[in-house]
Every structure is written in C-alpha cells, then in structure tokens.
Amino acid sequence: MKDFKPTSYTLECVATGRTFSDSGWILDDAECASPSLVRTVYAEKQLNPGDEKMGFYKFADWLPVRRMLAGSSAPVTYKSSKLAAELGLENLYITFNGYNPAIGAAMTTCSFKETEAYSVCARIPEGEKRVMVVASAGNTARAFAKVCSDNNIPLLLSVPADNLGALWFDKPLNPCVKLIACEKGGDYFDAIHLSNLALKSPKFFAEGGAKNVARRDGMSTTVMSAVTTIGRIPDYYFQAVGSGTGAIAAWEANMRFIADGRFGSNTMKLMVSQNEPFVPMYDAWRADSRDMLPYDDDQARRDVEIIDAKVLSNRKPPYGIRGGLYDALKATGGDILTATNDESAAAKKLFLRTEGVDIYSAAGVALASLIKAVKEGRVERDAVVMLNITGGGEQLFKKDKELFYLQPEHIFPLSPDAGEVVAAVEAMFA
C-alpha cells in the first residue's frame, strides 16, 4: 500500500489569484474584497492513484487531507454497454457513487456525499475541540453522520423535519453525532438558517459547504475516477445539481488534469440539470444573469414539496460567486437543463433495466437530461460522455437489513429564537 502522508498544497483566491498557506480551516481569502471561492494548488501536478486498499484516499495527491479515515470507498467508473446501446452512444462511461458490489461500488450510504465527508473530516486539524456543524437536505447528513460516527468526530447536523427519512443507517450511531431539525414545511434553506444560529456559539464551527476546498476536491474524485479509468478527459459531463458544487469540482479537476498533461487538453462541457419546477439556477442561466433571480420564499417551499429529488433544493447555491457555477459553465461552454418528476422516474426505470441497479431521483434527473440532449442532437454519438450517477443502490443495500434512524434531539420552528437554539445545542454536547 502507498504510504500515506498529509498532502502538500497551497490555497489560491479565484478572484485575485493571490496564493497563501492553509493555516487551519480557511474558507475564503480574508484579503479579497469581493465574494470568491478559494482553490487548492497541489504540489503534485500529476495524479498517481494509490492502492485500492486506500479506498477514497487513493486519490490523496489531489485531496487537502491530513490523515486517512476508516471505512471509505472510491467512486467506480465503467463503460456502459446496455444503457449506451439504448441511447445510441458509443462511449458512455458511468461513474457510479453508491452500493453495487457487482461493479465494486461499496458506498454504504449510497451517495456521492461520502466523497465530501471523507475529505472534509480528514482536513480537520488535529486537536480541534469544537464541534463541526453541517446543514443538509438528507444525503449529506447521512454521509457525514456515518463518517463521524465511525471515526469518533463530534458532529451537529441540521436537517428539515420533512427529510428525516433520509437519515437511515445499518447500525446505531456513535453518540458523538447529534441532530436538530426545523419543523415540517421547512426546506434546506431553513435548515441552513438553523445551523447558522447554532454557530453563534463558540463551541461550534461551520463545515463551510461549497467554500470548503475539501468538500469540492472530495467530490472531484468522481472525475479522477473517470479520467484515470477512461485514459482521457471526457467531452461531456452530466450531473444533476442542487448547489452546483459537484460541477464546480468537476471543472476544477478538469483544469488539474490539463496541467497533468497525460490525459489530453480538452475541457468537458458541463451539462447540469435541475428538477422541475424547482429550477432557480436554470432561470438565472437562461437570463444570462450572474445573480440569482428573485424567488419568493413560499413559492420556493411549494416547489420543493413537488420535486422528487429533494436533494436538489438549494435556494442559495454558490452560483454567482467568483469561481462558482456561473463561471464554470461559461468556461466550459456548458448548459443547465431540466427534467420533470416523470422524466426522472422513467430514466430510473431505464437504468435499473439496463444497468441492473436502482438509482436516486437526482441521478434520474441527470440521466433524463442526457436522454433529451442525445435526442436533440446536442451530444455526438461518438463523444466520450461521463454520466455522474450521484447515488444509487439503496434498495439493494437495504435488502434484508435492520435499519436505524437518527432522531432529532430538538425540532425548532422556522423562525427560531437564536438564544434558545444556542442553549439547546450547547447542552447537547455538554
């Protein structure tokens, strides 16, 4: 096995190009006057994957990690035959993030959110005494709960009450993982607001979302898997998006592979999709607006209730920020597409029939968008296409297993009192 050691890297501000060292848990450049993401610049310019036994950490050359945590699995990429034949594509590659032992996929939370959690948690400095806070619509919470439970890392989760069914596990969790929720009728944005109130206590620190380079670089392992399997950078990248963070990560990985020099110099067209009628980024993109368009809170909540892919319901995504999704789409000649619940459901059935495993509604949205793009002639038949299946195999994994559900210790109203939230979460970790 390749010996593991902390990865060597610096940080770079996208807006200004200023580079600086990562002194701990930096989420942005304090010297930058405008909102901007920061990126990692790795000492290793070429990616040399480690032993398969390292799981997710075989890609550590391009991960901002200090250690290797137990229980990880990497995305699995393979060339499709049956689905590709149905679509008339000659070079369709599926990057599968989930559970499907037949192809070696072993993510037991069945979601690519594991790639975020194993990267972010391995970036936490040794000796950190505060509790990390993560807001989620469901899958991210499940992934972070598993990783933190298995590795004894204190964690506070904030999830909408309507999404608590996503917090299933095949064994009871370590009590170092605690959960709060916003009441029924709330959405991901409300869960974020609740987590921000908890962060008013000095005993907690924010995971950081898209601003955390470890989250984005963890998600970019999907592209690392695809490129090292295919042997070249794909022509197209298809994924459903809620925040767009995975697509931003794909663009960043693409640029690293161009600099690597061994996998070609082309830029993947990012073809990302949202679930109708919740399509705020699609609307902004169609208006060629860097800024998100006005979206009434009540209307947004109603639209979230309608969509099957609840994980795609981020009302405040990193879209217009420098280095965000708007820039990624402009730089790659990409586009934002949409799919209905019915189109996603049909795509899920097609994937199960052709590839032999169930997939999540978000992945169904991505496949539905690929189907439409092919029919419209937007994708060449011989193009190398990467389809990022961001979650699947849940039905397969749950079969014949006893499940355990994480329950919230407090459920707060949609407009909670900050003092009450702080008092409650501090007591939970006393």
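Does serine 289 count as buried or exposed? At 16% relative accessibility, serine 289 counts as buried, where buried means under 20% relative accessible area, exposed over 50%, and partly exposed in between (1.4 Å probe, protein chains only).

The model is predicted: local features need pLDDT of at least 70, side-chain atom pairs count only at pLDDT 80 or more, and totals for chains, interfaces and linings use all residues. Residues are numbered from 1 along each chain as its sequence is written, and side-chain values use heavy atoms, with hydrogens and water left out.

**The whole protein**

The secondary structure comes to 14 helices and 18 strands; helices (H or I, at least four residues) and strands (E, at least two) are DSSP runs, numbered from the N terminus. Along its principal axes, the C-alpha trace spans about 60 × 50 × 45 Å.

Of the 430 residues, 60% are buried. The accessible surface comes to about 16400 Å², and carbon and sulfur atoms hold 49% of that surface; these areas come from the Shrake-Rupley method with a 1.4 Å probe, and for residues only the protein chains shown count as cover. Among contacts between residues at least 6 apart in sequence, 74% join residues at least 24 apart, a contact being heavy atoms within 4.5 Å.

**Strand 16**

Strand 16 covers residues 384-389, and six of its six residues are buried, so the strand is largely enclosed by the rest of the structure. Val384, Met386 and Asn388 point one way from the strand, while Val385, Leu387 and Ile389 point the other way.

Which strands pair with strand 16? Strand 5 (residues 91-96) pairs with strand 16 in the parallel sense over six bridges. Strand 13 (residues 236-240) also runs parallel to strand 16, joined by three bridges. Two strands pair if DSSP finds at least two bridges between them. Valine 385 of strand 16 is the bridge partner of leucine 92, and tyrosine 236 stands opposite valine 385 as well.

| Residue | Loop between | Relative accessibility |
|---|---|---|
| Serine 289 | helix 8 (280-286) and helix 9 (297-306) | 16% |
| Aspartate 170 | strand 10 (168-169) and strand 11 (177-182) | 37% |
| Alanine 70 | strand 3 (38-42) and strand 4 (76-79) | 44% |

Leaving aside neighbours within four places in sequence, serine 289 is in contact with Ala284, Tyr319 and Tyr326.

Aspartate 170 is partly exposed. Not counting residues up to four places away in sequence, aspartate 170 touches Phe397, Lys401, Glu402 and Phe404. The C-alpha atoms of aspartate 170 and phenylalanine 397 are separated by 9.2 Å, and the two residues are 227 residues apart along the chain.

Alanine 70 is partly exposed too. With neighbours within four places in sequence left aside, alanine 70 is in contact with Tyr118 and Asn151. The C-alpha atoms of alanine 70 and tyrosine 188, 118 residues apart along the chain, are separated by 29 Å.
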